[in-house]
Amino acid sequence: FTVDSMKFLLKRAAITGLVGYVGYRVTKKIYINYTVNAAAKQLRIELEEGQAKVEQSIQEWKNSEEYSNLLNISNGMSVEDYIASLEFEDLLAQLKDGKLSSYAVLKTYQIKALETTKKTNSVVAWILEADQMARDLDLLPKEERKQFHGIPISVKECFAVKNTHNNSGMIYFHTGKSTENSPTVQTCINLGAVPFCKTNIPQAMYSMECTNPLYGTTGNPHNPVREAGGSSGGEGSIIGGRGSILGLGSDIG
């Protein structure tokens, strides 16, 4: 080989390597964007389907005899506004005494969560098993009712809840729905709480802005031009907007 031929070969190898690397990066970006967009679309479809079922059950409850009876004690307000106006201790006492059913309180906070998430994008999934959980709690004798009997709770997306995703806003962990509850969630259920929705998080729960490519950005219920912070931004947003009375969050500090 001559010096000139060696230079030519090295130059060609460098160009080939550069073209290959650029092609790899472009192909990888296209693949990632496609995969993320497809996952985000599927999550939106699941959210909309869950929301439709929740809205249907709410309408059925509003047409029920229970709703009509509760109007007699709601002080001129709608039943859901009356129940949502109760402080935590008063609500819990009425649940334990049977003055309010777990199902009625669940429907109330589903209504309020719907109102909040339409403004803020705080809810990323509806826990459809909540209806049956509330019905079962209403069958318990008063002496068997636990510390959080009938209290609906919202749950940060990163906590595993059976039959829901917990991918932390990352496509890498979007591998399917959880098959069991996390210990924290199960402990709340054992104490009588009713998980009813999951809320948004920053990607990897490691940001002061509550946004990720799978669920989008969560806003502030008090000021639509501001966001909700992190990492429990969805929880802060839904509770701040009175869409939930109690929620599960977490922090790295």
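Modeller: Let me begin with a cut-off: a disulfide here is a pair of cysteine sulfur atoms within 2.5 Å. Please keep in mind that this is a predicted model. A search of the whole structure finds zero disulfides.

Colleague: What makes Cys188 and Cys197 count as buried or exposed?

Modeller: Buried means under 20% relative accessible area. Cys188 has 11%, so Cys188 is buried. Cys197 has 0%, so Cys197 is buried as well.

Colleague: Which residues have the most contacts inside the largest nonpolar core?

Modeller: They are Trp61, Ile83, Leu91, Trp126 and Phe196, in a core of 43 residues. Helix H5, residues 102-120, gives the most to this core, with eight residues. Another core lies apart from it and has seven residues, among them Leu43, Val124, Leu214 and Tyr215.

Colleague: What is Phe196 in contact with, beyond its neighbours within four places in sequence?

Modeller: Its contacts include Leu106, Tyr109, Trp126, Ile127, Pro152 and Gly243.

Colleague: Why is the contact between Glu46 and Lys177 called a salt bridge?

Modeller: The label needs a side-chain nitrogen of Lys or Arg within 4 Å of a carboxyl oxygen of Asp or Glu. For Glu46 and Lys177 the N to O distance is 3.7 Å, so the pair meets the cut-off. Glu46, at 24%, is partly exposed, and so is Lys177, at 44%.

Colleague: How many salt bridges does the search of the whole structure find?

Modeller: The search finds six. In one of them, Lys118 pairs with Glu55, with the closest N and O atoms 3.8 Å apart. Lys118 is in helix H5 and Glu55 in helix H1, 63 residues apart, and the pair links distant parts of the chain. Exposed means over 50%, so Lys118, at 61%, counts as exposed. Glu55, at 33%, counts as partly exposed.

Colleague: Where do Lys112 and Glu115 lie?

Modeller: Both are in helix H5, three residues apart, about one turn of the helix. Salt bridges that share partners join Asp81, Lys112 and Glu115 into one network.

Colleague: Why do you say that strand S7 lies largely in the open?

Modeller: Strand S7 covers residues 223-227, and of its five residues the number buried is zero, so the strand lies largely in the open. S7 runs antiparallel to strand S6, and two bridges join them. A hairpin of two residues connects S6 to S7.

Colleague: And what makes Ser237 buried?

Modeller: The relative accessibility of Ser237 is 1%, and the cut-off is under 20%, so Ser237 counts as buried. Ser237 sits in helix H8, and its contacts include Thr116, Thr218 and Pro221.

Conventions:
Residues are numbered from 1 along each chain as its sequence is written. This is a predicted model: local features need pLDDT of at least 70, side-chain atom pairs count only at pLDDT 80 or more; totals for chains, interfaces and linings use all residues. Side-chain values use heavy atoms; hydrogens and water are left out. A nonpolar core is a set of buried Ala, Val, Leu, Ile, Met, Phe, Trp, Tyr and Cys residues joined through side-chain atoms within 4.5 Å. Buried means under 20% relative accessible area, exposed over 50%, partly exposed in between (1.4 Å probe, protein chains only). Helices (H or I, at least four residues) and strands (E, at least two) are DSSP runs, numbered from the N terminus. Contact means heavy atoms within 4.5 Å. Two strands pair if DSSP finds at least two bridges between them.
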